Amino acid sequence: MNCQHHPALNWDIFCHVIDNWGDLGVCWRLATNLVARGQRVRLWTDQPEPLDWMAPGARSGALAAADAGALAGIEVRHWPRSDPAAPPSALPASDVLIAAFGCELDPAWVAALQPEAAAGAPTRLWLNLEYLSAEAYVERCHRLASPVMSGPLAGRTQWFFYPGFTPATGGLLREPGLMTQRAAFERGAWLRGQGLPAEGDAPRVTLFCYEPERLPELLRDPALRAAHWLVAPGRPAAALELAWPAAAGLQARRHALPHVAQTEFDRLLWASDLNLVRGEDSLVRALWAGQAFVWHIYPQHDDAHHLKLEAFLDWLEAPPSLRAFHRVWNGVVNAPLPPVDLPAWQACALAARDRLLQQDDLASQLLGFVAEKR
Ligand code: TRH
């Protein structure tokens with residue numbers, strides 16, 4: 001495991017929000033992970049508004065008291081991405097620039113960020129942080145160099161950095177001390193503090209999904225007939241509203257949740273017996289939670305997500321019931337939804353978490369990579 005000490009560097013992270021909350025969610029977590037390791041971060045994003053609930057105070061620089069010390073090294077800046085006239089003429093130097101999910105920077109921004117480029121002086125390291133996948137290409141492409149052929153960075157090198165689930169990839173974001181906090185978590189007290197039912201052994205189900213067609217069928221699953229549904233705002237709440245008539249006559253209850261901070265979102269996953277997660281970041285957080293989970297994968301028009309899902313299920317060593325459930329839940333296969341098996345699915349999640357905990361986290365790997373290339 002990489003426990004090296006690294007010097008404090010300045011990082012620029014660029015985040016173009018395409019849709020939903022994952023782009024910003026991942027970038028914010030990356031920023032906090034770097035700062036927790038003594039780094040300083042400027043986070044540039046074209047849509048900073050969701051930070052108001054994901055990380056209250058982040059935009060104003062007035063973080064909640066508990067976070068203020070730890071996160072003082074993050075500066076959030078608005079990035080008027082599509083306005084080429086907007087960049088300042090020059091920006092204070094940084095050591096590393098990360099284009100999250102390979103986002104494009106306008107040449108005028110590159111010039112503002114690289115005033116030294118023209119003089120041929122040493123420049124900052126430029127990384128493309130890619131999407132998370134368990135597919136085989138990730139191990140092949142991780143750490144590859146890409147020479148820049150044109151524009152203000154011509155002649156320079158960009159590096160590909162791929163998060164992933166195996167030691168030959170960039171790993172997953174994991175805060176120092178996360179597992180200690182997880183172990184000390186008091187579920188009943190936390191649920192009560194949120195005004196959520198803390199008594200009884202009816203399963204708690206977190207719903208954070210897109211629009212799964214089989215949601216009505218899931219409501220009637222024998223294991224969930226008396227479940228408490230803890231429902232995230234936005235698309236999950238709308239999807240459950242449509243599906244809810246299927247719960248008529250059951251003892252199931254639903255609880256609409258407000259937007260909560262990322263740190264509280266983690267606790268919601270820790271407090272639940274089944275986490276129905278989506279996208280990229282909440283999948284990783286469900287893995288760290290170590291509870292049974294099902295992934296609603298971000299759908300792509302050409303069905304590329306089908307292969308991505310299979311690769312993940314292979315890596316997860318998902319038991320047959322969990323595999324079959326994922327295929328139906330994600331619309332890959334048209335068949336009845338297999339019954340929920342919470343004990344088997346949780347055992348699988350815990351085994352996967354154990355494997356991941358043997359590997360270096362993403363921020364530590366990034367620091368090692370930067371030290372090697374500078
Ligand atoms: O919102 P998402 O569907 O994001 C997606 C994926 O990242 C996808 O891969 C990407 O291509 C697409 O966006 C553009 O799901 P994800 O990745 O789980 O991100 C949700 C974030 O929102 C995560 O950081 C957790 C956070 N969150 C909170 O902090 N509080 C909340 O109350 C809720 C509901 C979410």
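**Cavities, domains and sheets of the predicted model**

The largest cavity has a volume of about 110 Å³. A cavity is here a set of points, on a 1 Å grid over the protein atoms alone, where a 1.4 Å probe fits but cannot get out, and its lining residues have an atom within 4 Å of a point. Grid points are joined across faces, edges and corners, and the volume is the space filled by probe spheres set on the points. The structure is a predicted model, in which local features need pLDDT of at least 70 and side-chain atom pairs count only at pLDDT 80 or more, whereas totals for chains, interfaces and linings use all residues. Residues are numbered from 1 along each chain as its sequence is written, and side-chain values use heavy atoms, with hydrogens and water left out.

The structure holds two cavities of 30 Å³ or more. The lining of the largest cavity is formed by Val 26, Leu 30, Leu 129, Leu 132, Pro 163, Leu 172, Leu 173, Glu 280, Asp 281, Val 284 and Leu 362. Two or more residues of this lining come from each of helix H1 (22-35) and helix H11 (281-289); helices (H or I, at least four residues) and strands (E, at least two) are DSSP runs, numbered from the N terminus. Nine residues of the lining are nonpolar, none is polar and two are charged. In this classification Ala, Val, Leu, Ile, Met, Phe, Trp, Tyr, Cys and Pro count as nonpolar, Asp, Glu, Lys and Arg as charged, and the others, Gly among them, as polar.

The second largest cavity has a volume of about 40 Å³. Its lining residues include Gly 164, Gly 171, Arg 174, Trp 288 and Leu 356. By class, this lining has three nonpolar, three polar and three charged residues.

The protein is divided into domain 1 (10-171 + 359-373) and domain 2 (178-356), with bounds from an automatic or database domain assignment. The C-alpha centres of domain 1 and domain 2 lie 29 Å apart. Their contact (heavy atoms within 4.5 Å) takes 19 residues from domain 1 and 24 residues from domain 2. Each of the two domains also gives at least three residues to the lining of the largest cavity.

An open sheet of seven strands, with mixed pairing, has the order S3-S2-S1-S4-S5-S7-S6; two strands pair if DSSP finds at least two bridges between them. Strand S3 (74-78) and strand S6 (145-147) are the edge strands, each pairing on one side only. Neighbouring strands are turned by 25° against each other on average, direction ignored. Strand S2 (residues 40-45) pairs with S3 in the parallel sense over five bridges, and Val 41 has Ile 74 of S3 as its bridge partner. H1 packs on this sheet, touching strand S1 (10-15), S2, S3, strand S4 (96-100) and strand S5 (125-129), and its direction makes about 170° with that of S1. Axes are lines fitted to C-alpha atoms, for helices over the stretch in contact, and angles run from 0 to 180 degrees between N-to-C directions.

An open sheet of five strands has parallel pairing and the order S10-S9-S8-S11-S12. Strand S10 (253-256) and strand S12 (292-296) each have a single partner strand, so one side of each is left without a neighbour in the sheet. The twist averages 20° from one strand to the next. Strand S11 (residues 274-278) and S12 run parallel and are joined by five bridges; Leu 274 has Ala 292 of S12 as its bridge partner. Helix H13 (residues 320-329) lies across S11 and S12, at about 35° to S12.

Conventions: 1 Å grid on protein atoms, 1.4 Å probe; cavity = no way out; pocket = protein on both sides within 12 Å on 5 of 7 lines; lining within 4 Å.
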